[in-house]
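Please consult the sequence and the coordinates alongside the text.

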Amino acid sequence: MTTVVPQADPAARWADGYCGAVTHLVRALAELPTVDPSTPQQASRTSSDLLSSVVGGLDQSLAGLTALGAPPVPSADGGRADVIGQFTEIREQAEQARQRIDAVRGDATATKAALGEARATLDRIDALDYLKGLKDVPALTAAEQRAPACRQLDQPPG
């Protein structure tokens, strides 16, 4: 069941778009392929697949956040801009780690270092506050409560 945010509530519509954009990354993370550590080759291949999924989720979220534009609340775009900056940095880090893993495949020592880099990227994603773009502005925090996509983000994935 999808609830539609009333046209007369621009802040809630914006918050709904924001949460909808962030959902791409959350969904990608929830569906990440498993890393198979049975051999260095398998660990490399499956880690590369995992990082490709992370980059894909970040790309979709970044596209959505960028297309969304500034919120309809004066001087409230700092949070969205921060999240875009963090997502962009982590996307670059994930892509570099993926390329390094692909480049060193077969070299066990270099692979181990590259896999450590991949883990560091995932740790950064775990530490992210996806809703920072809403929480710093009281009007957007209230709008978040009225936005269906934000309520879905609050539900643990089932």
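The structure is a predicted model, in which local features need pLDDT of at least 70 and side-chain atom pairs count only at pLDDT 80 or more, whereas totals for chains, interfaces and linings use all residues. Residues are numbered from 1 along each chain as its sequence is written, and side-chain values use heavy atoms, with hydrogens and water left out.

**Overall architecture**

The protein contains 7 helices and 0 strands; helices (H or I, at least four residues) and strands (E, at least two) are DSSP runs, numbered from the N terminus. The order of elements from the N terminus is α-α-α-α-α-α-α. The C-alpha trace spans about 60 × 35 × 20 Å along its principal axes. Of the contacts (heavy atoms within 4.5 Å) with a separation of 6 or more, 70% are between residues 24 or more positions apart.

Among the 158 residues, 39% count as buried. Buried means under 20% relative accessible area, exposed over 50%, and partly exposed in between (1.4 Å probe, protein chains only).

**The disulfide**

The model has 1 disulfide, defined as a pair of cysteine sulfur atoms within 2.5 Å. This bond joins cysteine 19 to cysteine 150, with an S to S distance of 1.9 Å. The two partners come from distant parts of the chain, 131 residues apart: cysteine 19 lies in helix 1 (residues 10-30) and cysteine 150 in helix 7 (residues 148-154). The disulfide is right-handed because the torsion about the S-S bond of cysteine 19 and cysteine 150 is about 90°.

| Residue | Relative accessible area | Class |
|---|---|---|
| Cysteine 19 | 0% | buried |
| Cysteine 150 | 0% | buried |
| Proline 138 | 69% | exposed |

**Selected helices**

Helix 3 (residues 78-104) has 27 residues and reaches 39 Å from its first C-alpha to its last, close to the 39 Å expected at 1.5 Å a residue; the expected span is 1.5 Å times one less than the number of residues. Just after helix 3, glycine 106 adopts a positive phi of about 100°.

Proline 138, listed above as exposed, belongs to helix 6 (residues 138-145). Its C-alpha atom is separated by 9.6 Å from that of alanine 76, 62 residues apart along the chain.
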